[in-house]
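Hi,

Here is the structure I promised to pass on.

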Amino acid sequence: MSIEVRHINKRFGGFTAIDDISLSFPNGGLTALLGPSGCGKTTLLRIIAGLEQADSGQVLLDGVDASSHHVRERQVGFVFQHYVLFKHMTVFENIAFGLRVKPRSTRPSEQAIRERVTQLLNLVQLDWLADQYPSSLSGGQRQRIALARALAVEPRVLLLDEPFGALDAKVRKELRRWLRRLHDELNVTSIFVTHDQEEALEVADQVVVMNKGHVEQTGAPAEVYNHPASPFVYGFLGNVNLFRGRIHHGVLEAGSASFRVPDHAQVDDAQGIGYVRPHDLEVRRYQPGGDGIAARLRHAHAIGPLAQLELVREDNDEVIEAVISNELFREQAFKEGESLLVSPRQLHVFVEQVG
């Protein structure tokens with residue numbers, strides 16, 4: 001099923017949660033709504049589900065306006081952050097619940113229910129827990145059962161609100177890989193909400209970055225990471241170093257350093273910020289007159305394949321984070337306290353808007 005929202009607006013008192021958002025979610029795709037707390041992503045998900053009513057705008061399911069349709073009519077499966085399982089029911093009965101409460105005219109036979117639940121237990125690889133109760137399950141197992149229960153009624157759309165938010169980092173990583181494989185098998189149009197950048201970039205086909213009720217950027221994970229459309233997107237998707245200065249005819253003057261920025265050749269003396277990811281910095285020994293920013297190595301964390309360097313600029317005391325290979329770090333034998341030269345391999349510059 002394809003999903004489209006057009007000009008969705010939603011306010012809670014004086015707070016604007018959603019401000020004129022229009023988006024398309026591809027049929028069979030897995031889309032992440034990504035952004036900080038309070039940006040409107042969960043509100044948008046609930047509006048698509050029919051759990052929340054928009055103040056204005058449309059929700060289209062396969063091109064049909066479903067804005068006035070009750071949640072039951074939308075054929076949506078919903079998985080919440082906190083796995084809301086019925087404690088008094090076995091795992092099997094939890095999954096079967098949605099099928100058993102269907103109207104008599106559409107309710108499957110007992111045999112069909114048993115076959116469907118067994119199939120789903122196998123799908124989520126927990127068939128051996130069918131007779132257990134939720135209290136005996138781990139957090140990751142409960143969330144997989146919650147997902148199986150959402151899938152039992154064969155939804156046309158699967159919506160997940162911070163599905164792994166209550167789990168520890170190791171289980172989260174395992175489950176998000178599992179969700180990706182499961183989605184590839186089922187091919188159900190799915191939208192999940194997360195504030196975890198790594199989760200969105202690893203799992204989704206499409207990422208929608210939201211901020212303060214607006215959409216900042218939409219695109220494939222590689223697109224939004226490598227070509228951020230705004231300073232917010234650049235700063236939100238991973239660690240970043242900021243080099244503040246003035247742009248004049250294609251050159252950014254940032255303290256004692258200057259960088260060519262040909263994309264801004266027409267800019268005439270404006271404030272600008274250069275964004276550089278830690279792994280896009282070249283680090284080498286200091287030489288007087290050498291190109292780059294002189295910085296003192298304050299701390300090095302060299303465990304595993306990468307060395308994380310914390311440097312302090314010598315012209316303004318700002319901190320720079322750089323990541324280089326541990327092999328290069330050992331080869332160069334950089335020592336804490338010594339001066340190094342840091343230069344960006346690629347610099348993404350935004351002109352600051354005044355007012």
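Predicted model: local features only at pLDDT ≥ 70, side-chain atom pairs only at ≥ 80, totals over all residues.

The helices first. Helix α4 covers residues 139–152 and helix α5 covers residues 169–186; the two pack with their axes 11 Å apart, at an angle of about 20 degrees. Angles under 35 degrees count as roughly parallel, and α4 and α5 are therefore roughly parallel to each other. Their crossing is right-handed.

If you want to find the contact on screen, pick out G140, Q143, R144, L147 and L151 on the α4 side. On the α5 side, look for V171, L175, W178, L179, L182 and L186. By type, the residues of this contact split into 8 nonpolar, 2 polar and 1 charged.

Now the strands. Strand β11 (residues 241–248) pairs with two others that I'd like you to see. One is β14 (residues 270–276), which runs antiparallel to β11 and is joined to it by 7 bridges. As a landmark there, R244 has I273 in β14 as its bridge partner.

The other is β12 (residues 251–254), also antiparallel to β11, with 3 bridges between them. Here H248 is bridged to V251 in β12. β11 and β12 form a hairpin with 2 residues between the strands, and in that hairpin H249 takes a positive phi near 50 degrees.

That's it from me for now. Happy browsing!

Definitions and conventions: Residues numbered from 1 in each chain as written. Heavy atoms only, no water. Axes fitted to C-alpha atoms, helices over the stretch in contact; angles between N-to-C directions. Helix = DSSP H or I, 4+ residues; strand = E, 2+ residues; numbered from the N terminus. Parallel < 35°, antiparallel > 145°, perpendicular 65-115°, else oblique. Left-handed = near helix turned anticlockwise from the far one by under 90°. Contact = heavy atoms within 4.5 Å. Nonpolar A, V, L, I, M, F, W, Y, C, P; charged D, E, K, R; others polar. Pairing = 2+ DSSP bridges.
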